[in-house]
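Try each task before reading its solution.

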Amino acid sequence: MTRPLIAVPARFSATASALRYAAEVNARALIEAVWRAGGEPVSIHPVRGGVAERLARFDGVLLPGGGDLAPHCYGATDTHDSVHDVDALQDTFDLAVARHATDVGLPLLAICRGLQVVNVALGGTLEQDMGGPERVHRHVVHPVAIRRGTLLEQATGAEKTEVSCYHHQRVDRLGEGLVVTARAADGTVEGLELPGHGSFTAVQWHPEDTAHGDPAQQGLFDALVRAAHDGR
């Protein structure tokens with residue numbers, strides 16, 4: 001049986017070990033988690049236009065973490081000093097991927113920046129900074145409470161799980177149709193789903209960080225690949 005093809009938009013990197021030039025990359029832990037789940041992860045080159053045609057050959061999409069979205073993407077007229085690693089092409093491409101996948105029901109797992117991209121693609125907004133070093137979720141592992149009866153609960157098999165986080169922004173206003181499926185103790189939205197789209201899950205944390213040893217986190221990648229296979 002051939003592995004379902006999972007499109008993973010590449011991230012731009014100014015440098016990369018062993019390469020002489022700027023690179024397009026994806027985290028190895030992320031790629032390995034898709035592979036363990038039985039998927040064939042394929043990094044795709046971000047460009048403007050042609051997203052529908054390019055994604056037509058894929059069975060699922062994984063929107064990974066990365067830098068911040070440009071605040072103008074969600075209607076903000078000012079930019080917080082903490083906003084970093086903004087790339088206009090990356091924003092345009094990721095938003096187009098999110099809109100297409102949610103429009104046509106393509107199996108989709110969105111992680112960290114990916115969750116924020118989907119929220120913005122559906123008309124939501126972001127809090128540009130969570131309030132400084134004492135409040136951001138960077139280099140922290142903390143519990144999240146998962147709403148019962150959700151795809152997220154089905155994938156993780158848990159109502160509470162310890163997650164690895166690295167973000168300084170969070171959802172402000174929800175995008176159209178989205179529902180919250182998980183929260184941190186401080187109220188931060190940690191999970192989103194879209195009722196009616198039976199194979200979309202978004203998490204604000206990085207499940208790839210611990211998926212190699214935590215079945216709850218690996219379960220997110222397993223669920224994506226399973227949906228991709230079933231939707232062929």
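One thing to keep in mind as you go: this is a predicted model.

**Exercise 1. Work out how many disulfides the structure holds, and why.**

Step 1: Start from Cys112. The closest cysteine sulfur to its own sulfur is in Cys165, 7.3 Å away.

Step 2: Bring in the cut-off: a disulfide needs two cysteine sulfur atoms within 2.5 Å. At 7.3 Å, the sulfur of Cys112 is too far from that of Cys165 for a bond. So the count comes out at zero disulfides.

**Exercise 2. Decide whether Cys112 and Cys165 are buried or exposed.**

Step 1: The cut-off for buried is under 20% relative accessible area.

Step 2: Cys112 has 5% relative accessibility, so Cys112 is buried. Cys165 has 1%, so Cys165 counts as buried too.

**Exercise 3. Describe the surroundings of Thr156: where is it found, and which residues does it touch?**

Step 1: Find Thr156 in helix H5, which covers residues 151-156.

Step 2: Check its accessibility. The value is 8%, so Thr156 is buried.

Step 3: Follow its side chain, which reaches the backbone oxygen of Leu152 at 2.9 Å.

Step 4: Leave out residues up to four places away in sequence, and Thr156 touches Ile146, Ala216 and Leu220.

**Exercise 4. Describe the largest pocket: what volume does it have, and which residues lie nearest its centre?**

Step 1: The space in this pocket comes to about 670 Å³.

Step 2: Its lining has 29 residues, and nearest the centre are Arg11, Gly65, Gly66, Gly67 and Asp85.

Step 3: Look at which elements take part. Strand E2 (11-13), helix H4 (113-121) and strand E9 (160-167) each supply at least two lining residues, and E2 gives the most, with three.

Step 4: Sort the lining of the largest pocket by class: eight nonpolar, 13 polar and eight charged.

Key: Residues numbered from 1 in each chain as written. Predicted model: local features only at pLDDT ≥ 70, side-chain atom pairs only at ≥ 80, totals over all residues. Heavy atoms only, no water. Buried < 20%, exposed > 50% of the residue type's maximum accessible area, 1.4 Å probe, protein only. Helix = DSSP H or I, 4+ residues; strand = E, 2+ residues; numbered from the N terminus. Polar contact = N/O pair within 3.5 Å; in protein donor to acceptor, adjacent residues only side chain to side chain. Contact = heavy atoms within 4.5 Å. 1 Å grid on protein atoms, 1.4 Å probe; cavity = no way out; pocket = protein on both sides within 12 Å on 5 of 7 lines; lining within 4 Å. Points joined across faces, edges and corners; volume = space filled by probe spheres on them. Nonpolar A, V, L, I, M, F, W, Y, C, P; charged D, E, K, R; others polar.
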